[in-house]
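I'd like to walk you through one model, starting with the overall fold and ending at a few single residues. Let me put it up on the screen.

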Amino acid sequence: MRLTKEEAHAFWRDASGKNAPEQYLFGDGTELRSHYLCNKINALKLDKKATTILEIGCNAGRNLIALGVEGYRKVFGVEISQKAVDFFTETTADMVWKPQIFCKAAEEFVADLMPYSVDLIYTMATLLHIHPDSEQLFQSIKNACKTHLMLIEYEGSDALTSSSRIWERNYAEIFSEEFDLVESEPVRGQCDSALEHYIYRLFKRRT
Ligand SMILES: C[S@@+](CC[C@H](N)C(=O)[O-])C[C@H]1O[C@@H](n2cnc3c(N)ncnc32)[C@H](O)[C@@H]1O
């Protein structure tokens, strides 16, 4: 049976084992995932100092830190797990520059953002954990995202369907009214096996 929204939130607030913050920061293959993401974002040729970039579900901030190393300065994240945010705070204590991470449910955080206030919003392996009762999050993303939306997400195949805390969606359809899908590819073979069944999609707001 699938989890309720409250159960899904509770799972992620207290995730352990292979979903512990240590695994998302230092686990096998994680560097490759951030490298894949940074390459995709670098290809957009954005102004690294001026572009605002938000990761939804950033855990302990591995992707955000990697973007910081690339020179992006206005990067921030939202994460539901206080444990993950605390781990980020501990491990980055000596860093001069660091991204900002807000500890909140994405559903609430993104709804409170000003319209068109974030140049680029991205997710990696997070939207599949958003419960159907939280579909409003997608409208909030549409409202807040000014230009680019980048998703590296599981959209469905036989591989993961038995999980009680995964929900498959077609993001090309969900965002198609306001955004053009400008790039799309299976991640398979370009990252570690954790993202083998994932799809990369880049959307641009239709003007
Ligand atoms: C599979 S992990 C991916 C983490 C990170 N994006 C990465 O690629 O390493 C999913 C992340 O989404 C977070 N998450 C799940 N549901 C959330 C929600 N409703 N609001 C904010 N974060 C959420 C989890 O706590 C977890 O850190």
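So, the protein has 8 helices and 7 strands. Keep in mind that this is a predicted model. On overall dimensions, the C-alpha trace spans about 45 × 40 × 35 Å along its principal axes. As for burial, 35% of the 207 residues count as buried. And if you take contacts between residues at least 6 apart in sequence, 73% of those join residues at least 24 apart.

Now the sheet. What order do the strands come in? Reading across, you get S3-S2-S1-S4-S5-S7-S6, an open sheet of 7 strands with mixed pairing. The edges are strand S3 (100-103) and strand S6 (179-186), and each of those pairs on one side only. From one strand to the next, the twist averages 15°. For S1 and S2 the sense is parallel, over 5 bridges.

On to the ligand. There are 22 residues around the ligand, and the ones that come nearest are Trp12, Gly57, Asn59, Ile80 and Ala106. Which elements give two or more residues to that shell? Those are helix H1 (5-13), helix H4 (62-69), strand S2 (74-79) and helix H6 (106-111). By class, the shell has 11 nonpolar, 7 polar and 4 charged residues.

Let me stay with Asn59 for a second, one of those nearest residues. Asn59 sits in the loop between S1 and H4, and has a positive phi of about 50° despite not being a glycine. Most residues other than glycine have a negative phi, which is why I flag this sort of thing. Is Asn59 buried or exposed? Asn59 has 30 other C-beta atoms within 10 Å, and the cut-off for buried is 20 or more, so Asn59 is buried.

You'll find Lys45 in the loop between helix H3 (30-42) and strand S1 (52-56). Here the count is 7 other C-beta atoms within 10 Å, so Lys45 is exposed.

Last stop, Leu113. Leu113 is in the loop between H6 and strand S4 (118-124). Leu113 has 17 C-beta neighbours inside 10 Å and therefore counts as partly exposed. What does Leu113 touch, leaving aside its neighbours within four places in sequence? Leu113 is in contact with Val118 and Ala144. One distance to note: Leu113 and Leu137 are 24 residues apart along the chain, and their C-alpha atoms are separated by 11 Å.

That's my tour; happy to go back to any of it.

Methods. Residues numbered from 1 in each chain as written. Predicted model: local features only at pLDDT ≥ 70, side-chain atom pairs only at ≥ 80, totals over all residues. Near = placed C-beta within 6 Å. Helix = DSSP H or I, 4+ residues; strand = E, 2+ residues; numbered from the N terminus. Nonpolar A, V, L, I, M, F, W, Y, C, P; charged D, E, K, R; others polar. Buried ≥ 20, exposed ≤ 12 C-beta atoms within 10 Å, placed from the backbone. Contact = placed C-beta atoms within 7 Å. Pairing = 2+ DSSP bridges. Axes fitted to C-alpha atoms, helices over the stretch in contact; angles between N-to-C directions.
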